[in-house]
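Work through the following exercises with the sequence and the predicted model open beside you. Each task is followed by a solution in steps.

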Amino acid sequence: MSAAAETEKEFQKVIDFVEEKFGGGADLQAVLFIIGVQELGLGYKKLNKTQKLDVLHIAVCTLLEQYGYYEFEGKDDDGWPHFKATDKLPFLKPGHQAFLMKQAVIDYFKSNELI
């Protein structure tokens, strides 16, 4: 099985887990949002559009932290985590970006023993 096919198979396990917990229609963006909310750790909170984008940013930084691209700096007074870039991400075509994020999501779910 190719690396891409294996990643898709593993990512489907993540989707299945998320859909079982939160309902159908999950995709990469939905999974990223859930990870961001989890890492934010403030529980249920009504978010405006900018805050929702910030939640996605938290997810991306958290996921890419495990590959050395970001480093957690701490939380601000409102409890929002902040990261600093530690290494420049290589240029990736959109398909490769999605592959990297899916692999990072899989690693996150496995390291948290969710799948």
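**Exercise 1.** Describe the second largest pocket by its volume, its lining and the elements that supply that lining.

*Solution.* Begin with the volume, which is about 230 Å³ for the second largest pocket in this predicted model. Next, turn to the lining, where 13 residues are found, and those closest to the centre of the pocket are Val60, Gln97, Ala98, Leu100 and Met101. Then assign the lining to elements: H2, H3 and H4 each give two or more residues, and H4 gives the most, with 5.

**Exercise 2.** Determine how helix H3 packs against helix H4, and which residues make the contact.

*Solution.* First, take the geometry: H3 (residues 49–65) and H4 (residues 94–111) pack at an angle of about 75°, with their axes 9 Å apart. Because angles of 65 to 115 degrees count as roughly perpendicular, H3 is roughly perpendicular to H4. Then list the contact, to which H3 brings Val60, Thr62, Leu63 and Leu64, while H4 brings Leu100, Met101, Ala104, Val105 and Tyr108. By class, these residues comprise 8 nonpolar, 1 polar and no charged.

**Exercise 3.** Decide whether Thr62 is buried or exposed, and name the residues that it touches.

*Solution.* Locate Thr62 in helix H3. Its relative accessibility is 11%, so Thr62 counts as buried, the cut-off being under 20%. Leaving aside residues up to four places away in sequence, Thr62 touches Glu39, Phe83 and Tyr108.

Technical notes
Residues are numbered from 1 along each chain as its sequence is written. This is a predicted model: local features need pLDDT of at least 70, side-chain atom pairs count only at pLDDT 80 or more; totals for chains, interfaces and linings use all residues. Side-chain values use heavy atoms; hydrogens and water are left out. Axes are lines fitted to C-alpha atoms, for helices over the stretch in contact, and angles run from 0 to 180 degrees between N-to-C directions. Helices (H or I, at least four residues) and strands (E, at least two) are DSSP runs, numbered from the N terminus. Angles under 35 degrees count as roughly parallel, over 145 as roughly antiparallel, 65 to 115 as roughly perpendicular and the rest as oblique. Contact means heavy atoms within 4.5 Å. Ala, Val, Leu, Ile, Met, Phe, Trp, Tyr, Cys and Pro count as nonpolar, Asp, Glu, Lys and Arg as charged, and the others, Gly among them, as polar. Buried means under 20% relative accessible area, exposed over 50%, partly exposed in between (1.4 Å probe, protein chains only). On a 1 Å grid over the protein atoms alone, a cavity is a set of points where a 1.4 Å probe fits but cannot get out, and a pocket is an open set with protein on both sides within 12 Å along at least five of seven lines; lining residues have an atom within 4 Å of a point. Grid points are joined across faces, edges and corners, and a volume is the space filled by probe spheres set on the points.
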